[in-house]
Amino acid sequence: MTGLSAEQIRALHEQLLVAERELQNSIDQRKSAATVVELDQAAVGRLSRMDALQQQAMAKAAEQRAISRLSRVRGALQRLENDTYGRCEDCDEMLDIRRLQTDPCAAVCLECQHDRDADAAADERRRQMQGPRS
C-alpha cells in the first residue's frame, strides 16, 4: 500500500473519522441558520432584516465550506479503503508523512500541488486578459 506504518495509518484514519463526524454535525446545525429570512416589515425592522440576511449569507457560505471539506475527508477515507491513501494522485509518489499529518486529506505531493497552483494561476491570468465575455 504505502510507506506509512500501520500505526500512522490508524492515527490518520481516526483523525479523518473524527473530522467527518464533526463536519456532518456542523452541517446539520448550520442548516437551521441558513433558513429563509422573514421579510415582513410589520414583524421585523429594516436593519434587523438586513442583519438577518447577512447572517443567513454567512451561514450558507460556512455550510458550503463545511460541505467541501467533508467531501475531501470522504475522499481520503475512500483512498484508505482503496489502498491508495498516501500516494500522490498525479505522480504516484509517496506523500511525506508530515504533509499527511498536517492535512490528512492531502491527495497530491507538494511538488504536484505547486504545479496545480501554477496552472490555476496561469488559467486565471488568461481569463483576466480575455476580459468579460459578451
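A: One term to start with: a residue counts as buried under 20% relative accessible area, as exposed over 50%, and as partly exposed in between. Asp96 has 34% relative accessibility, so Asp96 counts as partly exposed. Keep in mind that this is a predicted model.

Q: What does Asp96 form a salt bridge with?

A: With Arg98; the closest N and O atoms of that salt bridge are 2.7 Å apart.

Q: And is Arg98 buried or exposed?

A: Arg98 counts as exposed, because its relative accessibility is 58%.

Q: Why would two such side chains pair up?

A: Side chains of opposite charge can pair when their charged atoms come close.

Q: OK, back up a bit. How many helices and strands does the protein have?

A: There are four helices and zero strands. Read from the N terminus, the order of elements is α-α-α-α.

Q: And what share of the residues is buried?

A: Of the 134 residues in the protein, 28% are buried.

Q: Back to the salt bridges. How many are in the whole structure?

A: A search of the whole structure gives eleven salt bridges.

Q: Which residue does Glu7 meet in a salt bridge?

A: Glu7 meets Arg10, with an N to O distance of 2.7 Å. Both residues lie in helix H1, which covers residues 6-33, and they are three residues apart, about one turn of the helix.

Q: Which pair links distant parts of the chain?

A: Glu20 and Arg74, whose side chains meet in a salt bridge at 3.0 Å, N to O. Glu20 is in helix H1 and Arg74 is in helix H2 (residues 46-81), so the pair links distant parts of the chain, 54 residues apart. Arg74 is partly exposed, with a relative accessible area of 40%.

Q: Which residues are linked in a network of salt bridges?

A: The network links Arg79, Glu89, Asp90 and Arg116.

Q: What about Gln15, where is its place?

A: Gln15 is in helix H1. At 39% relative accessibility, Gln15 counts as partly exposed.

Q: New topic. How many disulfides does the count come to?

A: Zero disulfides. Cys88 is in no disulfide, and the nearest cysteine sulfur is that of Cys112, 3.6 Å away.

Q: Why does that not count as a disulfide?

A: A disulfide needs the two cysteine sulfur atoms within 2.5 Å, and the sulfur of Cys112 is 3.6 Å away from that of Cys88.

Q: Is Cys88 buried or exposed?

A: Cys88 counts as buried, because its relative accessibility is 2%. Cys105 counts as buried too, at 3%.

Q: Last thing, the surface. Which residues form the negative patch?

A: Glu111, Asp115, Asp117 and Asp119 form a negative surface patch.

Q: Where is the place of Asp117?

A: Asp117 is in helix H4, which covers residues 110-130.

Q: And how accessible is Asp117?

A: Asp117 is partly exposed, as its relative accessible area is 45%.

Conventions
Residues are numbered from 1 along each chain as its sequence is written. This is a predicted model: local features need pLDDT of at least 70, side-chain atom pairs count only at pLDDT 80 or more; totals for chains, interfaces and linings use all residues. Side-chain values use heavy atoms; hydrogens and water are left out. Patches are made of residues with over 30% relative accessible area and no salt bridge: like charges are joined within 9 Å, nonpolar side chains (Val, Leu, Ile, Met, Phe, Trp, Tyr) within 5 Å. Accessible areas come from the Shrake-Rupley method with a 1.4 Å probe; for residues, only the protein chains shown count as cover. A salt bridge is a side-chain nitrogen of Lys or Arg within 4 Å of a carboxyl oxygen of Asp or Glu. Lys and Arg count as positive and Asp and Glu as negative; His and the chain ends are not counted. The place of a charge is taken as NZ of Lys, CZ of Arg, CG of Asp or CD of Glu. Helices (H or I, at least four residues) and strands (E, at least two) are DSSP runs, numbered from the N terminus. Buried means under 20% relative accessible area, exposed over 50%, partly exposed in between (1.4 Å probe, protein chains only).
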